[in-house]
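Student: I would like to work through a structure feature by feature. Please give the general idea each time, then the case at hand.

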Amino acid sequence: MPEEAQKFLSPTRFVESDSPEVRGFVDKALASLASDASDREKAVRLFEAVRDDIRYDPYTFELEPEGYYASRIATMASSFCVPKAILLTACLRAAGIPAALGFADVRNHLSTPKLRELMGTDLFIFHGYVQLWLEGQPYKVTPAFNMELCERFGVKPLIFDGYHDALFHEYDEKNRRHMEYVNDRGVFADPPVEEYLQLFRETYPKLGEFSRDRTGRGAEGVDAGFAPTRG
């Protein structure tokens with residue numbers, strides 16, 4: 001294991017890889033694998049579980065640090081990129097796979113009109129991704145957008161095969177520019193949640209006010225693009 005990866009194996013304040021909730025999520029996700037499954041197979045399955053079992057909803061944003069503990073995220077039905085990256089990092093560490101949290105500022109060219117109105121921009125600061133190590137090699141993945149949402153928006157889903165990065169939703173199914181990484185903030189053993197929340201309040205004051213009034217209620221009744229499918 002590379003020396004740089006060794007510090008990304010232990011639980012931290014938010015990446016609670018030793019919590020019963022995270023352990024339970026991992027056990028459920030890996031239940032279909034053979035007992036001698038490789039770390040590569042486990043990493044792929046955990047990526048898929050976080051990507052698809054927790055639906056992406058940017059309106060689940062929380063303004064307090066309590067919303068960013070892996071133990072809490074593991075029990076949620078929907079969330080957005082930062083909590084989902086925290087959970088995947090915790091799950092990988094719980095499975096003995098070194099993983100770090102990465103953050104980048106990205107320009108999203110296909111966000112909904114309602115979300116753009118509240119944000120005042122198409123620039124998302126602190127987009128969350130995960131860097132993990134398999135057989136000494138680093139890989140970058142983002143488990144944010146579930147398969148059903150990708151189909152709804154006509155966006156190519158991110159597939160992690162264990163051998164290549166799964167980071168860029170660069171173009172949609174019609175080859176329109178979708179997501180562009182404009183600033184990489186680096187990788188962390190534990191997310192700088194207080195700094196992130198402060199910058200969010202400063203960058204998106206209108207969305208922050210909106211989120212304060214709707215904590216835990218999500219997109220339903222507000223933005224059909226991200227609301228759960230019924231029926």
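The dialogue below covers the sheet, the helices on it, the cysteines and the aromatic rings of this predicted model.

Student: In what order do the strands of the open sheet lie, and is the pairing parallel or antiparallel?

Tutor: Strands of a sheet pair through backbone hydrogen bonds, either parallel or antiparallel. Here four strands form an open sheet in the order β5-β4-β3-β6, and the pairing is antiparallel. From one strand to the next, the twist averages 30°.

Student: How many bridges join β3 to β6?

Tutor: Strand β3, residues 99–108, is joined to β6 by eight bridges, and the two run antiparallel. To place one of them, take Gly102: its bridge partner in β6 is Val187.

Student: How many disulfides does the structure hold?

Tutor: A disulfide is a covalent bond between the sulfur atoms of two cysteines. The structure holds zero disulfides. For Cys81, the nearest cysteine sulfur is that of Cys150, 13 Å away. For Cys91, the closest is in Cys81, and at 17 Å that sulfur is too far for a bond.

Student: Are Cys81 and Cys91 buried or exposed?

Tutor: The cut-off for buried is under 20% relative accessible area. Cys81, at 10%, is therefore buried, and Cys91, at 0%, is buried too.

Student: How many aromatic pairs are there?

Tutor: The structure holds 20 aromatic pairs. One of them joins Phe14 and Tyr69, with ring centres 4.6 Å apart and planes at 35°, so this pair is tilted. Phe14 is in the loop between α1 (3–6) and α2 (20–30), and Tyr69 is in the loop between β1 (55–56) and α4 (70–73), so the pair ties together parts 55 residues apart in sequence. Phe14 has 1% relative accessibility and counts as buried.

Student: Which residues do ring pairs link into a cluster?

Tutor: The cluster consists of Phe61, Tyr68, Phe80, Phe103, Phe126, Phe188, Tyr196, Phe200 and Tyr204.

Student: Where does the charged end of Arg40 sit?

Tutor: The charged end of Arg40 is over the ring of Tyr163, 4.2 Å from the ring centre.

Note on methods: Residues are numbered from 1 along each chain as its sequence is written. This is a predicted model: local features need pLDDT of at least 70, side-chain atom pairs count only at pLDDT 80 or more; totals for chains, interfaces and linings use all residues. Side-chain values use heavy atoms; hydrogens and water are left out. Rings of Phe, Tyr and Trp (its six-membered ring) pair if their centres lie within 6.5 Å; planes under 30 degrees apart count as stacked, over 60 as edge-to-face and the rest as tilted. Buried means under 20% relative accessible area, exposed over 50%, partly exposed in between (1.4 Å probe, protein chains only). A charge sits over a ring if NZ of Lys or CZ of Arg is within 6 Å of the ring centre and within 35 degrees of the ring normal. A disulfide is a pair of cysteine sulfur atoms within 2.5 Å. Two strands pair if DSSP finds at least two bridges between them. Axes are lines fitted to C-alpha atoms, for helices over the stretch in contact, and angles run from 0 to 180 degrees between N-to-C directions.
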